[in-house]
Amino acid sequence: MKKTDADLIAYLRENRENLTSQWFERVLADYPPETARILRGEKDPMANPLGSTTLAGISGLLDYLMASASREAALNHLTAIIRVHAIQDRLPSQAVSFLTGIKKIVLEGGQKKFRDGDPFWPDYLLFAERVDDLILAALDIFMQSREQIYQLRVDEAKSSLFTLLQRKNLIQAE
Amino acid sequence: MKIDKKPAEMIKIDYCPSGKNWMDPLVEFKKGNYLYPSKPDSMDALGIPNPRKWSPEDDDWQLPENWQEIIFEGLRDRLDRYRSLKIFMDCCVRCGACADKCHFFLGSGDPKNMPFLRAELLRSIYRREFTKAGKILGKLAGGRDLTPAVVKEWFYYFFQCSECRRCSVFCPFGIDTAEITMVARELLALLGITIEWITGPASNCFKVGNHVGIKPHAFVDSVDMLVDDIETLTGIRVEPTFNRKGAEVLFITPSGDFFAEPGIYTFMGYLMLFHQIGLDYTFSTYASEGGNFGLFLNHDVMKGLNAKMYAEAKRLGVKWILGGECGHMWRVVNQYMDTMNGPADFLEVPVSPITGTRFENARSTKMVHITEFTADLIKHDKLVLDPRRNDNYKVTFHDSCNPARAMGLFEEPRYILNHVCNNFHEMPENTIREKTFCCGSGSGLNADEFMETRLRGGMPRANAVKYVKDKHGVNLLSCICALDRAAFPPLMHYWVPGVEVSGLHELVANALVMDGEKERTENLRGESIENGEGGE
């Protein structure tokens, strides 16, 4: 962490709870309100895999953004969220858009602190850069997930075909 | 060029989906979110009307001219015949107890996958046409007009219900939402709207004997290949028979068990077990299928496919039927067989020839579940088992929906698991037994073109598997349903890599010490046994 981050990091840590809940609400806004109510309310991860995965994920990402966790750990959390988005009929932009939300939340929450020319502005730019890095990584994860879905489909079809050919003695089993 | 917006306004992004009212029936079909429609050939074979080539992406679905009349008549007929349907249409108070219990809702977040709301898609039409309030007040009374968009919406959502009945467990009125889906699918089929993954297998089953369309000689060849594999593994040549009249028991299992991995290992397990205990049994090449895709289409086809099993039992003159690790076969047998085709008076109440146990629970259907049979063998010390041969597995158990919720079969599989392996870990309580989460591919949804939706529906189950993998290092998901064994491998690859899938009798056979066997150094998959009897 660069020295200039220090004030922003302190701010993020102080406001962690608030930021988490605001960011969670931002993600929930992608769902219809009837769904969001359930994703917000049910705390048992088994009964609410979407909500719990999302909340654990953004919480982990915040740890990284406030320099309490490694980038590797952050990518694991990001992967968990994006793999869910990848099977939810979303466009790539819709799958990663929640990440932009945290910039807006921090900017608005920090009020005057993070405006251009103010002392915290350089801190914010570094923070925003880390978010941008996550957005790019999220696009990669999204693509990998989509490719895997198609691959699973191909594998399933090929496996049936292989078995049929084997039954017909048209190919030699390995 | 004049720009009259500020930069901040220009980049304003609206991430939220439009807040649609549930009564709006518009759905968008694109590849990955629908199953391929039935081919005319398989529809003809099953007597499904309006055979044609069409796609859900078409604007015009080529419905019959009097399609509304067909739906209303079809619904009226079913309301008259099934008192339960009438009650299910009237008594839901939308309390919301089922709202968050559906795996497709939990994976997609789509409110119309809340079971009560999915059912409301049909109920609203019922109200509009069949209730006074709906006829007069229309939308105000929760009624909707039947339009082509409603039909499309039915196709979209009633093929995202896997008829698993988890929601029914939580309904204070006991509404069986799966039966609402069944009726909705029947109504759609009256218009010629159904899917090839259901009608193809069902048609195969009538014509050839099983869903995958393996002809009798190829079925025998398939089993022979597995017999060879067993001999390589154990040094023992098992000798199954086919269509042998006068055998004591007819054994019927889903075709998935002799068609592809990992089901074939379960099938090998059956053969090894029966050989070891000297069971007098035979296969039927015509009833070479336990599954019943008719359940997912209409009651006529379901009845016909179920009758085929009993017709073969009669023809072969067996005393009773033993059924393999299948899911929905058991739902049909336990819930519908008796009133459709039963009672099977020409058969005897099943008695285990090895232990003498009389299976009173099967006195009407005359059909015993393989885990009941095997658990009874173990209970009476009739098997020598070495659970260490499964020590390379850390096992969890998925209660397959139909044996769990249609039979209450909870203890027998666990009793067996606890005797054949040393590392068995349960998933969390609200994801097992009667609250088990579906694989997301049941009821004919396990076609490859539907992979994305299947991964969505299977997410809650995978989430629970991930929990035991993280906590206990679980690496094997065992189950007692052939559809599960087909559906889980891709689901695990996507959500919980490192977890393999097996049937229960694969593990039984790994542990089974057979008379005259050579030293077992490998399990049925050819993997080295780390702590097997070689270590003694």
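First, the ground rules. The model is predicted: local features need pLDDT of at least 70, side-chain atom pairs count only at pLDDT 80 or more, and totals for chains, interfaces and linings use all residues. Residues are numbered from 1 along each chain as its sequence is written, chains are lettered from A and ligands numbered from 1 in the order written, and side-chain values use heavy atoms, with hydrogens and water left out.

Start with the sheet. It is open, has four strands, and runs in the order β2-β1-β3-β4 in chain B, with parallel pairing. Strands here are DSSP runs of E, at least two residues; helices are runs of H or I, at least four; both are numbered from the N terminus. Two strands pair if DSSP finds at least two bridges between them.

Now walk across. Two bridges join β1(B) to β2(B). Val249(B) has Tyr281(B) as its bridge partner in β2(B). Four bridges link β1(B), residues 249–252, to β3(B). There, Val249(B) stands opposite Trp320(B). Three bridges then join β3(B) to β4(B), residues 367–369. Leu322(B) pairs with Val368(B) in β4(B). Between these two strands, the chain passes through helix α16(B), residues 328–340, and this β-α-β crossover is right-handed. That means clockwise from the first strand over the helix to the second, with the strands pointing away from the viewer.

Stay on β3(B), residues 320–323. Are its faces covered or open? Both are covered: Trp320(B) and Leu322(B) on one side, Ile321(B) and Gly323(B) on the other, all buried. Buried is under 20% relative accessible area, with a 1.4 Å probe and protein chains only.

Next, the interface. Contact means heavy atoms within 4.5 Å. Chain B gives 45 residues and chain A gives 37. Together they bury about 3500 Å², 58% of it on carbon and sulfur atoms. That area is the accessible area (1.4 Å probe) lost on putting the two parts together, summed over both.

How many salt bridges cross the interface? Four, by the rule: a side-chain nitrogen of Lys or Arg within 4 Å of a carboxyl oxygen of Asp or Glu. One joins Lys30(B) to Asp89(A), with the closest N and O atoms 3.1 Å apart. On chain B, the helices that each supply at least two residues to this side include α12 (216–234) and α22 (482–495).

How values were computed: Buried means under 20% relative accessible area, exposed over 50%, partly exposed in between (1.4 Å probe, protein chains only).
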